[in-house]
Amino acid sequence: AGGWQGRARHMAIQGESRRRTLAEASRSAASGAISGAAVSAVLQPLDVLRTRLQTDATSGTHQSISSTAHSIWREGGGVRNLWRGSSATVVRVGMGGAIHFFSLQLMREASGASEPPGGPPGGRGGPSPGGGTSAAWL
């Protein structure tokens, strides 16, 4: 049962392991993309306000947050103006999240780490030292 059959069996096991690793990394990438895009879409109005306040500050006109929001509203389009230009940001942040979590999962698999120190966040090992952040998984 040695020879070429043993090597073929070993290669089949390695292939299955790679497929499983890529499947887990792909699930992590999808989760990162969805969560990144969702957070970006929800927080876009705050980003628009922040950008407008920074622009006003550099030009020498200082306005309050409420007056800046009101001026954005008056520009036409109402509340929709707070999401103007958000599609590019949502795609960029979503893709960044996908790349981050895909890479993170591959590094975890390559290092042999399956769980963070202390066990999974909120799992059988109690709270993780990193508070459940992705950095704790490395």
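Val-42 lies in helix H1. This is a predicted model, where local features need pLDDT of at least 70 and side-chain atom pairs count only at pLDDT 80 or more, while totals for chains, interfaces and linings use all residues. Residues are numbered from 1 along each chain as its sequence is written, and side-chain values use heavy atoms, leaving out hydrogens and water.

Reader: What makes a stretch of residues a helix here, and which residues form H1?

Author: A helix is a DSSP run of H or I with at least four residues, numbered from the N terminus. H1 covers residues 3-59, and Asp-47 is found in it.

Reader: Why is Val-42 called exposed?

Author: Exposed means over 50% relative accessible area, buried means under 20%, and partly exposed is in between, using a 1.4 Å probe and protein chains only. Val-42 has 62% relative accessibility, so it counts as exposed.

Reader: How many salt bridges does a search of the whole structure find?

Author: The search finds three. One of them joins the side chains of Arg-52 and Glu-75, at 2.8 Å from N to O. That pair links distant parts of the chain: Arg-52 sits in helix H1, and Glu-75, 23 residues away, in the loop between helix H2 (65-74) and H3.

Reader: What makes Arg-52, Glu-75 and Arg-84 one network?

Author: Arg-84 also forms a salt bridge with Glu-75, with the closest N and O atoms 2.9 Å apart. Salt bridges that share partners therefore join these three residues into one network.

Reader: Why are the residues of this network called partly exposed?

Author: Try the cut-offs on each value. Arg-52 has 21% relative accessibility, so it counts as partly exposed. Glu-75 has a relative accessible area of 43%, so it is partly exposed. Arg-84, at 48%, is therefore partly exposed as well.

Note on methods: Helix = DSSP H or I, 4+ residues; strand = E, 2+ residues; numbered from the N terminus. Salt bridge = Lys/Arg side-chain N within 4 Å of Asp/Glu carboxyl O.
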